[in-house]
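Trainee: I have a structure to go through today. Could we look at it together?

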Amino acid sequence: MITNTPLLKVDHAGIQFGGLKAVSNILMEIHKGELVGLIGPNGAGKTTLFNLLTGVYVPTEGSILLNEKKLNGFPPYKITQKGISRTFQNIRLFNDLTVLDNVMIAYHTLAKHSILSSIFRLPFHFSGEKEMEEKAIECLKIFHLDVYKDEKAKNLPYGQQRRLEIARALAASPQLLLLDEPAAGMNPQETKELMDLISFIREQFDLTVILIEHDMQLVMGVCERIYVLDHGKLIAEGIPEEIRNNPKVIEAYLGEEVS
Ligand SMILES: Nc1ncnc2c1ncn2[C@@H]1O[C@H](COP(=O)(O)OP(=O)(O)OP(=O)(O)O)[C@@H](O)[C@H]1O
């Protein structure tokens, strides 16, 4: 059945810190399978919006709905269980854990083991662990990280740490994946490979993706639709061509870069 219901609906949502409205009156509708960009100048509110979508902040206005169900007030781990995963602007891996354990942690968040089965290490607990490990290695393979599975996360080169963060987010089987500047600090070759990878995992896992990114060429090249934030408000939404030519966007953000 074809449905017009958006996967994610942001309905006049926003948050105020003391007297400051960091983001306000945000309206977004993201449909299943879309790859959407979120852009805007420094301090525009992009990460704050991700924090609202993932329960780090509770909106002080409006609602956020996933599959028509309200998310307001749920803690981040519940929102992950409901289907939204993310990566962070500054990589947040467990540096001293292995690459494999970094991914397995995501499965533990979702796992349905009882505490008793863990304490007494009952057989079904072991089979659960084994299954998790196999799944984690499969996930690492997609990112060509399986060869480093026993390496500490902190020993991976920067570009691979970024990929590991995405692998971990993906391990939580999200419907919606939020990527906060995934290519930050990467060289052009790594960036190109990462973008190909994002397109690939979207297809492969039937994902919906929202991407914050400063590299305009990259956003315009990979995203089908773009939202633009400025001073906490949405100032434009459209396909890359429309955004590139939108006078408000040019004035607020892109300046002479867009041509
Ligand atoms: N916890 C908080 N308390 C007070 N102000 C906050 C808080 N979180 C965010 N802000 C403010 O909200 C505004 C938006 O910040 P945010 O980090 O979301 O912008 P951004 O678009 O992600 O910027 P950048 O591109 O630099 O990462 C800023 O003015 C910031 O100072």
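Trainee: Which residue in E4 does Leu 8 stand opposite?
Mentor: Leu 8 faces Leu 66 in E4. Please keep in mind that this is a predicted model.

Trainee: And how many bridges join E1 to E4?
Mentor: There are five bridges between strand E1, residues 8–17, and strand E4, residues 61–66. The two strands run antiparallel.

Trainee: What is the order of the strands in the open sheet?
Mentor: The sheet has four strands in the order E2-E1-E4-E5, and the pairing is antiparallel. Strand E2 (20–30) and strand E5 (69–70) each have a single partner strand, so one side of each has no neighbour in the sheet.

Trainee: Which strands does helix H1 touch?
Mentor: H1, residues 46–53, packs on the sheet and touches E1, E2 and E4. The direction of H1 makes about 65 degrees with that of E2.

Trainee: Is H1 mostly covered or mostly uncovered?
Mentor: It is mostly covered, with seven of its eight residues buried. Among the buried residues are Lys 46, Phe 50 and Asn 51.

Trainee: What follows the helix?
Mentor: H1 is followed by Gly 55, which has a positive phi near 80 degrees.

Trainee: Now the ligand. Which element gives the most to the shell around it?
Mentor: H1 does, with three residues. E2 and H1 each supply at least two residues of that shell.

Trainee: Which residues surround the ligand?
Mentor: They include Phe 17, Leu 20, Asn 42, Lys 46 and Gln 89. By type, the shell residues divide into four nonpolar, seven polar and one charged.

Technical notes: Residues numbered from 1 in each chain as written. Predicted model: local features only at pLDDT ≥ 70, side-chain atom pairs only at ≥ 80, totals over all residues. Pairing = 2+ DSSP bridges. Contact = placed C-beta atoms within 7 Å. Axes fitted to C-alpha atoms, helices over the stretch in contact; angles between N-to-C directions. Near = placed C-beta within 6 Å. Nonpolar A, V, L, I, M, F, W, Y, C, P; charged D, E, K, R; others polar. Buried ≥ 20, exposed ≤ 12 C-beta atoms within 10 Å, placed from the backbone.
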